[in-house]
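This report describes strand pairing, nonpolar cores and the surroundings of a ligand. The sequence and the structure are shown first.

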Amino acid sequence: MQKIPQNSDNNSVIKPKVLIFGAGPAGLRTAWVLAPFCDVHLFEKESMPGRKFMVAGKGGLNLSHSPPSSGMASVYSPPGFMNAALEVFSVKALQDWMNELGAGVFTGSSGKIFPEKGITPRMILQAIITSLEERGCTIHTACSLQSIDTADSCTILQNGVKVKLSADYIVVALGGASWPQTGSDGKWTGIFRSHSIKTLPFRPSNCGVNISWPENFVQHHAGKPLKNIRLSCGEKSSAGEVLITRYGLEGYALYPLIPSLRRMEEEGMPLQLIIDLKPVNDPLQLVSRLGLKQAESGNYRQAFGLQPHSLALAKLLTEKNTFENPLLFAGAIKSLSLQVLSLRPVEEAISTVGGLALEEVNSDLSLKKLPGVYAAGEMLDWDAPTGGWLIHGCFATGNHAALSILKRLGIPPVV
Ligand SMILES: Cc1cc2nc3c(=O)[nH]c(=O)nc-3n(C[C@H](O)[C@H](O)[C@H](O)COP(=O)(O)OP(=O)(O)OC[C@H]3O[C@@H](n4cnc5c(N)ncnc54)[C@H](O)[C@@H]3O)c2cc1C
């Protein structure tokens, strides 16, 4: 444990002092950029930095994503919010940073960017921490931000003791509210409400959905993937794979539709997904494959190329007379209507929306009501699909907050 920086009333501290709260991707990147120029102290509530980063790495750490033809910023909502941050912190910037840390990355065939084989999330986290220490940043664990008292002073809790600190600038990167066991528990909203800074309730994003499956269906099919399907919700659609679970559905083809489902839920509308089990075939093509065979499960499975659980789902969601008519059935499996009960809870989601309202921050990520305080990462109310965009957005906003502070200090851009 490093010594907490005491407020000094002499002029011994030459470098401007910056206190950063939250050691996830956003806070780590902010600290890394600022450390050569400022007296940087990074505070983390938990006993180690980056616990959610480590969790994110469990299923393969997806650090970024090669930009779609519409440009990287088009992936993020609300439109325009991420533009300035991404202009500087591009995919190339992320790749260069990882290379500098000794952690090469590669782009998979899906466009997702991962650490090279043999490089674990723990190795990347350790490389960032080592580099931070070499750049002069002091990391304080088990220290939580309790209150921001003025634009340049705050109170922290360390070992049950409240300590008052002052600084030239404060950066908050306190994360969203999913997976609270990692420390990202969203309990920080009161810090801002006490300054009449608007915060919004946390809602799940990139999460599963609840569906009332018949017991017989889940008994046989929970845990099985529906592959190569297209899911739609309103105007939005997404192709890929989803997993049938005991509670409903989960997976990459579902996550991009969560914002639409969330809006419907907020407006009290019924939640509905449309499933196309054969997105590359039209109904006539499918029926021609059936030939003169009867309309029976086995024949449909073979001729239409349906997995047993896909066929079971189709049977569940169609009327008997539709099932028995090949042409009707071939049409039906291209637009099966599935009622969704609700989204899974915030705690289980990959990410959350809500938190600090964007109308409270300036374009340089400083708070309008506390101009010496900057915010970065998932604690701000932006959204993106999972697949590397989230971590990239957190690094990018951390980078942007750091460069904004350097600009205010009159230090020319270096990153
Ligand atoms: C299961 C899972 C898998 C994921 N997979 C991916 C993926 O593959 N790719 C991707 O792009 N994203 C992924 N994500 C999302 C990604 O991990 C997050 O979006 C990202 O970590 C958010 O970064 P952040 O720095 O904003 O906040 P966090 O990483 O949440 O860090 C915030 C930190 O602030 C600390 N803190 C909170 N309150 C205080 C306080 N009062 N004082 C001091 N410290 C405090 C917390 O303890 C925490 O360490 C995944 C998430 C989960 C849960």
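## Paired strands

Isoleucine 156 has valine 163, a residue of β9, standing opposite. The model is a predicted one: local features need pLDDT of at least 70, side-chain atom pairs count only at pLDDT 80 or more, and totals for chains, interfaces and linings use all residues. Residue numbers start from 1 along each chain, following the sequence as written. Helices (H or I, at least four residues) and strands (E, at least two) are DSSP runs, numbered from the N terminus. Strands count as paired if DSSP finds at least two bridges between them.

Strand β8 (residues 153-158) is joined to β9 by six bridges, and the two run antiparallel. Both belong to an open sheet of three strands, ordered β7-β8-β9, with antiparallel pairing. Because β7 and β9 (161-166) stand at the edges with a single partner strand each, one side of each has no neighbour in the sheet. On average, neighbouring strands of this sheet are turned by 25° against each other, direction ignored; the axes are lines fitted to C-alpha atoms, for helices over the stretch in contact, and angles run from 0 to 180 degrees between N-to-C directions.

## The pairings of β13

Seven bridges link strand β13 (residues 225-233) with strand β14 (residues 236-244) in the antiparallel sense. Serine 232 has serine 237 in β14 as its bridge partner. The hairpin of these strands has two residues between them, and glycine 234 takes a positive phi near 60° there.

β13 also pairs with strand β16 (residues 271-276), in the antiparallel sense and over three bridges. Here arginine 230 stands opposite aspartate 276 of β16.

## Nonpolar cores

A nonpolar core is a set of buried Ala, Val, Leu, Ile, Met, Phe, Trp, Tyr and Cys residues joined through C-beta atoms within 7 Å. Buried means that 20 or more other C-beta atoms lie within 10 Å of a residue's own, with C-beta atoms placed from the backbone.

The largest nonpolar core has 83 residues, and Val18, Ile20, Ala31, Val171 and Ala375 have the most contacts inside it. α14 supplies the largest share of this core, 11 residues. Apart from it lies another core of 36 residues, including Ile229, Cys233, Leu271 and Ile275.

## Around the ligand

The ligand is surrounded by 39 residues, the closest being Gly22, Gly24, Gly175, Gly183 and Gly377; a residue is near the ligand if its C-beta atom, placed from the backbone, lies within 6 Å of it. Elements giving two or more residues to this shell are α1 (25-34), α2 (51-56), β7 (143-150) and α14 (389-408). The largest share, five residues, comes from α2.

Key:
A residue is buried if 20 or more other C-beta atoms lie within 10 Å of its own, exposed if 12 or fewer, and partly exposed in between; C-beta atoms are placed from the backbone.
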